[in-house]
Amino acid sequence: MSRDSKTPVTGLEAIPAADRPPLQITFQSYHAMIAIGIGLIALSLLGCLLWWRGTLFENRLVLWLFVLSVLGPIAANELGWITAEVGRQPWIVQGLMRTSDGVSANLAGSQVVRSTGLFVMIYLLLFAVFVYVLNDQIQHGPESLEEQGPLVQLPERLREILEQPRAQG
Ligand code: HEM
């Protein structure tokens, strides 16, 4: 890539087949990430429009889409990461060192499988806690002004004071 708009972009066919990344995974994950990103922007705009019309909170379908959309950024994050990691193959350092040369010689495959399994379990656990806490927050709803304490109540109190009829003096 070049910052100059006149420089031609190097096509994939110019790169030796042995130096190309797995195309399908890179292409599909990149496009799925963008689709999710655009979908989330569209959903936000739709939410704004319905809110402006005053019908947002009666539209159960859109409210359900909001609930499900929580998973969107998580999926897009993973897909973006897959794009970056798979898309840079077969290099660990572009043009200098191949991923196959970065394999640790004194680490057994079984050790990698075990530690990866452990990471998967920890992240699944964190995900379950995330969904639990999120659901708990949604069920509980936002705190009332009283619950949020005096600092948050300050603008409201000031408005009440300012709106009080002035004493004649
Ligand atoms: C709206 C459309 C989007 C566009 C145009 C876009 C574009 C890109 C591009 C160009 C890359 C670099 C890929 C590479 O390494 O060559 C990337 C990576 C990434 N994107 Fe997206 N993206 C979008 C949406 C999203 C969303 C919604 C998320 C998450 C909420 C996301 C998360 C990521 C992550 C985590 C990476 C990997 C970063 C790294 O490890 O280097 N993207 N994206």
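Hi everyone. Let's start with the overall form: a compact globule of 169 residues would have a radius of gyration near 15 Å, yet this chain comes out at 26 Å. That radius is taken over C-alpha atoms, and the globule rule is 2.2 Å times the number of residues to the power 0.38. Along its principal axes, the C-alpha trace spans about 90 × 50 × 40 Å.

Before going on, please keep in mind that this is a predicted model: local features need pLDDT of at least 70, side-chain atom pairs count only at pLDDT 80 or more, and totals for chains, interfaces and linings use all residues. Residues are numbered from 1 along each chain as its sequence is written.

How much of the chain is buried? Of its 169 residues, 2% count as buried, where buried means that 20 or more other C-beta atoms, placed from the backbone, lie within 10 Å of the residue's own.

Now the elements. The chain has 5 helices and 2 strands, and from the N terminus they run α-α-α-β-β-α-α. Helices (H or I, at least four residues) and strands (E, at least two) are DSSP runs, numbered from the N terminus.

Take α1 (23-53). After α1 comes Gly-54, with a positive phi near 80°.

Further along, Pro-90 sits in the loop between α3 (71-87) and β1 (91-93). A cis peptide bond, with omega about 5°, joins Gln-89 to Pro-90. For background, most peptide bonds are trans.

What surrounds the ligand? There are 13 residues around it, and Gly-37, Pro-73, Ala-76, Gly-80 and Ala-84 come nearest. Near means that the C-beta atom, placed from the backbone, lies within 6 Å of the molecule. Both α1 and α3 supply at least two residues of this shell, and α3 gives the most, with 8. By class, the shell has 8 nonpolar, 5 polar and no charged residues. Here Ala, Val, Leu, Ile, Met, Phe, Trp, Tyr, Cys and Pro count as nonpolar, Asp, Glu, Lys and Arg as charged, and the others, Gly among them, as polar.

Last, the domains. The assignment gives domain 1 (13-100) and domain 2 (109-143), with bounds from an automatic or database domain assignment. Their C-alpha centres lie 21 Å apart.

Terms used: Buried ≥ 20, exposed ≤ 12 C-beta atoms within 10 Å, placed from the backbone.
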